[in-house]
Amino acid sequence: MDTVMSILHVATAVFIVGPMAIIPMTGLRALRSGNAGQVRTLAKSTAIFSWLSLITFVLGFGLAGMWKISITTPWVLWSIILYVIAFVLNVFVVVPQMNKAAETTAGATEGAKPAGYGMIVGSNGVATLLLVVVVILMIWRP
């Protein structure tokens, strides 16, 4: 059973958490090209993948329980903290900023960076970096 849980945890990390980190970067390209409709769709997709990433989070707790690993184990605790920060950044900063930027993009010239562009870049960059560190902690497991 722990093998099945491990596979589910890794698969959801790849197919849900991965897009959660990458989709906003596609949204930035759409912002630069002035495609407001695509930005709105990508913001919605980012929100959906961010909320779905909670499945990976819950499966991680299931694995910790099966392997009898305490959540106070340093690498587990750091993984939880970093994931929560990345989740909050995506849901409460990146997605709203993408929606706001989509509204200001409607009449902008192609190549122009709308208001909030830097906030999206910075927040998504930090969230993605934190998720990469979580993956490293999961692989390393001291």
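In helix 2 of this predicted model, the buried residues (under 20% relative accessible area, with a 1.4 Å probe and protein chains only; exposed is over 50%, partly exposed in between) are A36, V39, L42, A43, T46, A47, S50, S53, T56, L59, L63 and A64. These buried residues pack against helix 1 and helix 3 (74-105). An α-helix has 3.6 residues a turn, so residues three or four places apart point the same way.

**Basis of the model**
- Because this is a predicted model, local features need pLDDT of at least 70 and side-chain atom pairs count only at pLDDT 80 or more, while totals for chains, interfaces and linings use all residues.
- Residues are numbered from 1 along each chain as its sequence is written, and side-chain values use heavy atoms, with hydrogens and water left out.

**Helix 2 and its end**
- Helix 2 has 31 residues, and its first and last C-alpha atoms lie 46 Å apart.
- That span is close to the 45 Å expected at 1.5 Å a residue, where the expected value is 1.5 Å times one less than the number of residues.
- Just after helix 2, K68 adopts a positive phi of about 55°.

**T46 within helix 2**
- T46 belongs to helix 2, which covers residues 36-66.
- T46 counts as buried because its relative accessibility is 0%.
- Leaving aside neighbours within four places in sequence, T46 is in contact (heavy atoms within 4.5 Å) with M20, I23, P24, N90, V95 and M98.

**The chain as a whole**
- The protein chain has four helices and zero strands; helices (H or I, at least four residues) and strands (E, at least two) are DSSP runs, numbered from the N terminus.
- From the N terminus on, the order of elements is α-α-α-α.
- Taken along the principal axes, the C-alpha atoms fill a box of roughly 55 × 25 × 20 Å.
- Of the 142 residues in the protein chain, 39% are buried.
- Among contacts between residues at least 6 apart in sequence, 80% join residues at least 24 apart.

**Surface**
- The accessible surface of the protein chain comes to about 7700 Å² (Shrake-Rupley method, 1.4 Å probe; for residues, only the protein chains shown count as cover), and 74% of this surface belongs to carbon and sulfur atoms.
- M1, V4, L8, M66 and W67 make a nonpolar surface patch of about 480 Å².
- V4 is found in helix 1 (residues 2-33), and V4 counts as partly exposed because its relative accessibility is 44%.

Notes
Patch = residues over 30% accessible without salt bridge, like charges linked within 9 Å, V, L, I, M, F, W, Y side chains within 5 Å. Salt bridge = Lys/Arg side-chain N within 4 Å of Asp/Glu carboxyl O.
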